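Biologist: I would like to learn how to read the features of a model like this one. Could we take them one at a time?

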Amino acid sequence: MVDAVQAPKSSVSTSSVWQLVKYALLALLLMFVLLTSLHFVTLRLGIGTESHAAVDFENNSITLNLGSEPPQLDSTRSTDMVSGQVLGHVMEGLIRYGPNNEILPGMATSWEVSELKGTFYLREDAFWSDGTPVTAHDFVFAWQTVLKPETASQYSFILYPLKNAEAIDNEEMAVETLGATALNDYTLQVDLEQPTPYFIKLLAFFTYLPINEEFYNSRERKYGTNAEDLIYNGPFVISKWQHGSRLRLEKNHTYWNKEETLLDAIDFGYILSDPTATINLFATEKIVMAGLQAENIERALANGWPIKEHVDGSVFYLGFNHREERPSSNRNLRKAIQLVCDPEELVYKVLKTPGNRPGESIFPVWLKGVEGLFRDEYPAPKHERNIELAQQYLANALNELGLAEPPRLTFLTGDSEFSTKHAEYYQNLFKQNLGIEVRIDQQTFSQRLAKMTSGDYDIVAAGWGPDYDDVLTFGDLFTSWNLNNRGLFKNDELDRNVQIAQQSSDARTRMEAMDRVQHILYEEAAIIFEYERGSSYVADDRVQGITRRAVGTDPDFTRAYLVKPETE
């Protein structure tokens with residue numbers, strides 16, 4: 001037998017060594033994960049090697065939160081408010097909005113417009129950011145591109161006042177037949193399909209922006225997807241676009257009116273949708289403006305922040321399904337539901353969202369009328385909750401529908417917490433006062449639109465925001481030919497009055513027609529007016545000249561400037 005040689009004893013066994021190695025490796029892994037996470041957070045919040053201050057006097061710039069990532073900035077395809085806000089700072093159409101929301105010359109210095117024709121004279125000192133001139137050809141190309149089938153623009157309809165636009169969009173005519181012609185580099189002629197007294201106001205919408213054809217073609221399908229895939233003719237250019245984390249605008253020194261641009265940079269240093277995170281950024285002086293939710297109001301008051309309010313122009317309502325097979329097609333049933341509703345109770349006791357205004361009309365309070373505001377000149381129908389009268393209407397409805405008891409209705413709504421709270425309020429309201437059972441059907445936005453289009457509902461939570469500054473942007477919503485009239489409400493008198501407003505050039509005639517529209521919608525209980533959406537927000541008082549508006553770029557910083565406090 002061979003005698004074993006005993007190894008010298010050690011204070012740590014082999015298994016213990018491997019345990020220490022494993023612990024060390026685990027610690028290194030955790031440190032790597034922590035550093036990676038920290039790096040990701042700094043990218044998301046826009047912090048890191050570059051400091052972000054709400055107000056930077058040295059560099060004459062401000063920092064903001066954008067709220068969400070712009071899907072893309074191709075004006076022929078853009079549909080969302082965030083893209084519209086950015087485009088409003090870096091692009092300019094034939095006209096622009098002034099500090100008091102008045103229409104001012106943009107790329108056009110002047111224009112002549114008759115019932116069926118317009119001639120626009122473009123300025124010769126307007127250039128794209130690459131130094132090439134902005135010409136009438138850029139507008140013709142952009143508008144034709146909107147209507148091309150391959151563009152698949154969701155806003156092609158807004159060009160329909162142009163001659164042949166609708167036929168082109170339906171692929172019945174060639175794009176070259178569009179009523180837009182460059183008579184020369186600086187003269188644009190527009191032919192209209194029919195008299196359109198509000199046409200000038202349409203020109204401020206981003207679908208009417210110009211596009212440089214040569215540059216557009218050079219980017220192929222990437223136009224508008226990155227900072228380098230755009231050239232600009234507005235007050236600012238995009239100098240940096242880090243998708244998901246940051247978008248920086250810098251003053252455009254080729255802009256024809258650069259003297260009016262007082263800031264050197266607007267830095268959207270954060271792209272965050274969380275309202276609590278946004279208000280924290282404002283509290284720590286990282287951004288100059290933040291929206292307030294109901295739960296943030298007390299914090300703002302406690303900090304002594306001046307709270308500002310803004311009406312964003314949208315109206316919200318309960319829409320009915322007017323298809324014959326649905327009980328909601330019965331006018332008496334709709335009137336019963338209308339009479340148990342109280343917009344003030346909804347706004348002030350249920351939703352409690354700062355800035356909202358109880359709904360009275362399809363036309364919001366900010367719309368212009370003949371000489372002043374439309375709603376001042378043409379007051380909305382008076383509404384008061386009346387349970388007793390509502391029950392009488394319900395009895396008549398049951399008799400007409402041949403029912404012994406109230407029908408069970410499907411309430412189609414969104415999938416957010418807000419939507420749940422909103423729908424449950426009506427579920428209890430209708431059950432308590434009318435004995436109507438309500439089934440709540442919560443869907444995503446796209447699914448809700450699909451069900452609205454197919455008619456798979458009785459009542460739907462809906463809303464509409466303005467596309468242009470005229471009563472018709474709301475007034476034609478419930479015409480029999482409007483594809484957004486998904487409930488298929490049909491009223492010949494309403495249709496006639498909308499056609500009057502579309503074709504007449506007399507302001508009073510147009511507004512009287514729209515007044516009749518708001519009364520028809522109430523008398524027929526076509527919809528139930530709920531609220532006009534508003535917002536409360538806080539803003540740094542060192543930044544002045546910010547413009548808020550219901551139509552167009554909002555908020556607008558193109559004329560903003562910095563003011564140093566006296567103590568500094």
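Predicted model: local features only at pLDDT ≥ 70, side-chain atom pairs only at ≥ 80, totals over all residues.

Biologist: Is Glu 493 buried or exposed, or in between?

Modeller: The class follows from relative accessible area: under 20% is buried, over 50% is exposed, and partly exposed lies in between. Glu 493 has 28%, so the residue is partly exposed. Arg 516, at 25%, is therefore partly exposed as well.

Biologist: How many salt bridges does the structure hold?

Modeller: The structure holds 29 salt bridges. One of them is between the side chains of Asp 540 and Arg 542, at 2.8 Å from N to O. Here Asp 540 counts as buried because its relative accessibility is 11%, and Arg 542 counts as buried because its value is 13%. Arg 548 and Asp 554 also meet in a salt bridge, at 2.7 Å from N to O. Some residues are linked in a network of salt bridges: Arg 96, Glu 260, Arg 549, Asp 556 and Arg 559.

Biologist: What about the nonpolar side chains?

Modeller: In soluble globular proteins, nonpolar side chains tend to be buried together. In this model the largest nonpolar core has 113 residues, and Phe 120, Trp 143, Leu 188, Ile 238 and Ile 362 touch the most other members. Helix H3 (residues 136–147) gives the most to this core, with 8 residues. Another core, of 31 residues, lies apart from the largest one and includes Leu 318, Phe 320, Leu 429 and Ala 461.

Biologist: Which residues does Trp 143 touch?

Modeller: Leaving out residues up to four places away in sequence, Trp 143 touches several residues, among them Leu 94, Leu 159, Leu 188, Thr 207 and Tyr 208.

Biologist: And how do I read a pair of helices?

Modeller: Look at the axes, then at the contact. The axes of helix H9 (residues 331–340) and helix H13 (residues 417–434) come within 10 Å and cross at roughly 105°. Angles of 65 to 115 degrees count as roughly perpendicular, so H9 is roughly perpendicular to H13. Ala 336, Ile 337 and Val 340 in H9 meet Leu 429, Phe 430, Asn 433 and Leu 434 in H13. The residues of this contact divide into 6 nonpolar, 1 polar and no charged.

Definitions and conventions: Residues numbered from 1 in each chain as written. Heavy atoms only, no water. Core = buried A, V, L, I, M, F, W, Y, C linked by side-chain atoms within 4.5 Å. Buried < 20%, exposed > 50% of the residue type's maximum accessible area, 1.4 Å probe, protein only. Helix = DSSP H or I, 4+ residues; strand = E, 2+ residues; numbered from the N terminus. Contact = heavy atoms within 4.5 Å. Axes fitted to C-alpha atoms, helices over the stretch in contact; angles between N-to-C directions. Parallel < 35°, antiparallel > 145°, perpendicular 65-115°, else oblique. Nonpolar A, V, L, I, M, F, W, Y, C, P; charged D, E, K, R; others polar. Salt bridge = Lys/Arg side-chain N within 4 Å of Asp/Glu carboxyl O.
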